[in-house]
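Could you walk me through this structure in the viewer, one selection at a time? I have it open and would like to know where to click next and what is there.

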Amino acid sequence: MNHLRVILILTSGLMAGGCGQDTVRIDYEDGLAAFSADSLKKHISVLASDSFLGRKPFTEGEHKTITYLEQQFRMAGMEAGNGNSFFQEVPMVNIRATAEPVMNVKSPGGDFQLTAYDEYIIWTDKTDQNIRLENAELVFAGYGVVAPEHGWNDYKGVDVKDKVVIVMINDPGFWSGDASLFRGDTMTYYGRWPYKFEEAARQGARGCLIIHNTRAAGYPFIVQQNKFNASRLLLHNREKKGMDCDVIGWLPESTAVRLFRTAGYDSTLFMAAGRQDFQPVPLGLTVSTSMSVQSTFDTSYNVIGKITGTKRPDEVIIYSAHWDHLGVGRPDERGDSIYNGAFDNATGTAGLLELARAFKSMKKKPERTIVFLSVTAEEQQLLGSAYYAQNPVYPPEKTVANINLECLNWSRKTNDMTIIGKGQSELEDYLEEELARTGGYISYETHPEAGLYYRSDHFSFAKAGIPALYAVSGIDVAGQGKEVGKRILEEYRQKNYHRPSDEYNPATWTMEGAIIDLQRLFQVGKRVASEKNWVQWKPGSEFRAVREQHE
């Protein structure tokens with residue numbers, strides 16, 4: 001149901017209510033005493049320490065991380081979550097593509113060079129030893145979207161086989177301000193960069209370069225620059241031979257405008273791309289460059305612990321968080337090259353351990369099985385959760401819900417929690433009721449154009465039809481207001497996101513807000529674990545039909 005269900009608070013501190021099929025009684029105090037800010041800070045300080053080397057898969061940092069997580073799960077009294085093991089193997093390939101320092105551009109008016117890193121970045125998802133573009137034609141393909149349900153095709157009328165397409169980030173509705181196009185300023189999967197690379201490959205293009213814009217992408221260009229000539233990971237069981245472009249990457253807007261002007265156009269091409277009658281524009285330019293490629297096949301690991309349910313053990317609730325970050329990479333202005341990933345996502349991983357302790361401490365044990373899943377390679381296109389969804393330890397048709405943890409609030413309590421992906425499942429109603437019970441409220445993401453719903457591990461569960469909740473810290477800081485919260489998040493996004501400066505600060509990280517938010521998500525899971533009914537997708541969710549296939 002979309003409306004808020006009535007909450008009945010009993011004099012004993014128990015709740016009667018549910019999703020319409022049964023009545024449950026929840027002791028809200030059961031398990032709360034286990035949560036500890038000091039314990040949370042200890043886990044974060046370890047996971048985000050320099051000695052863990054940025055927790056990148058296939059490195060010593062991974063070994064230290066998964067060993068630590070297994071130890072902590074055991075100490076918390078967890079059972080092994082994958083048969084007799086706490087680990088699930090995730091086969092991947094590590095690809096390091098080293099790009100030539102320049103890209104040569106030929107035009108009727110004269111030739112010139114673009115400089116790698118400053119004027120473009122490129123890489124490849126192919127494992128070939130060497131990749132070369134030789135006088136490949138450039139075509140501007142608008143948003144690079146083919147969406148029949150929206151009557152949209154940016155590739156109509158032009159054959160881009162063996163060419164390099166330049167496309168815009170985000171959706172037509174975002175740039176035009178027209179709420180009737182796609183979902184307006186709320187990004188759909190069509191606006192995400194993985195989709196644009198996939199569609200270019202389906203169209204036969206040899207290359208795809210996305211035009212970066214900070215507001216439309218949700219992060220500055222330096223986030224992509226920091227990954228230039230670094231190794232990247234992919235699942236190597238994808239069976240996608242021949243389905244990737246040879247060359248993929250990004251251009252800053254200034255480079256795109258320079259190419260347009262060289263071809264006799266200008267930035268008005270951006271606006272033209274926002275019309276349904278737009279057709280791809282051959283630019284009359286060709287590009288040449290190369291990359292040397294080294295590939296290493298190896299295995300990373302998801303870490304899984306569980307508490308078996310007392311009454312319905314085959315029905316499962318999964319709490320997830322990714323343990324990985326970016327490892328050691330390009331030094332920042334301070335000379336620091338370790339991407340510690342304290343906020344993103346040592347906080348969420350530490351929160352998973354706190355939740356495990358809390359559930360284990362309950363006097364009335366969960367009736368459904370609670371699984372704690374710490375996944376690998378989220379920073380590499382959600383690979384760990386994607387592999388789990390494709391190779392589930394617990395059947396999707398028996399998985400009641402997923403609750404994902406990412407970037408917990410290191411500062412003061414907020415009155416709200418922010419839902420990412422408004423209107424998806426009844427889990428939002430559960431959380432809204434929990435917040436209302438304790439005097440808080442739900443808010444919604446302030447940057448829907450960033451497509452955050454498609455950028456964390458809950459998305460892998462949603463695609464498998466499992467109702468998934470992604471809720472993060474709110475912005476209404478207790479006693480200080482919304483502007484303070486907005487400023488904190490914006491400062492992190494601009495200065496620390498995917499940079500070495502994302503570090504644990506014991507002087508300022510009180511974790512007060514994180515503990516409150518964890519307790520809120522704990523109560524949601526506790527309630528779902530006590531009910532007999534199943535959480536449902538809401539009408540209009542694109543994932544509802546997948547779930548209904550399992551019913």
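Here is a short tour of this predicted model, stop by stop.

**Stop 1: two crossing helices**

Select residues 37–47, which form helix α1, together with residues 342–361, which form helix α9. Their axes come within 9 Å and cross at roughly 135°. Angles over 145 degrees would count as roughly antiparallel, so α1 and α9 are oblique to each other. The crossing is right-handed. To see the contact itself, show the side chains of S39, L40, H43, I44 and L47 on α1. On the α9 side, pick A342, A346, T347, T349, A350, G351, L353, E354 and R357.

The peptide bond between D344 and N345 is cis, with omega about 10°.

**Stop 2: an aspartate in a loop**

Now move to D30, in the loop between β2 (15–16) and α1. Is D30 buried or exposed? Its relative accessible area is 5%, under the 20% cut-off, so D30 is buried. Leaving aside residues up to four places away in sequence, D30 touches S361, M362, K363, K364, F522 and K526. Zoom in on K364: its backbone nitrogen lies 3.1 Å from a polar atom of the D30 side chain. For a sense of scale, draw a line from the C-alpha atom of D30 to that of Q225; the two are separated by 48 Å.

**Stop 3**

Next, select residues 427–437, helix α11. How many of its eleven residues are buried? The count is eight: L427, E428, D429, Y430, L431, E433, E434 and L435. To find what covers them, show β20 (399–404), β21 (416–419), β22 (441–444), β23 (468–473) and α14 (512–530), against which the buried residues pack. After α11 comes G439, which has a positive phi near 85°.

**Stop 4**

C407 sits in the loop between β20 and β21 and has a phi near 55°. With a relative accessible area of 16%, C407 is buried. N135, in strand β8 (residues 130–140), has a positive phi of about 50°. N135 counts as partly exposed, at 35% relative accessibility.

Terms used. Residues are numbered from 1 along each chain as its sequence is written. This is a predicted model: local features need pLDDT of at least 70, side-chain atom pairs count only at pLDDT 80 or more; totals for chains, interfaces and linings use all residues. Side-chain values use heavy atoms; hydrogens and water are left out. Axes are lines fitted to C-alpha atoms, for helices over the stretch in contact, and angles run from 0 to 180 degrees between N-to-C directions. Helices (H or I, at least four residues) and strands (E, at least two) are DSSP runs, numbered from the N terminus. Angles under 35 degrees count as roughly parallel, over 145 as roughly antiparallel, 65 to 115 as roughly perpendicular and the rest as oblique. A crossing is left-handed if the near helix is turned anticlockwise from the far one by less than a right angle, and right-handed if clockwise. Contact means heavy atoms within 4.5 Å. Buried means under 20% relative accessible area, exposed over 50%, partly exposed in between (1.4 Å probe, protein chains only). A polar contact is a pair of N or O atoms within 3.5 Å; within protein, one must be able to donate a hydrogen and the other to accept it, and residues adjacent in sequence count only if both atoms are side-chain atoms.
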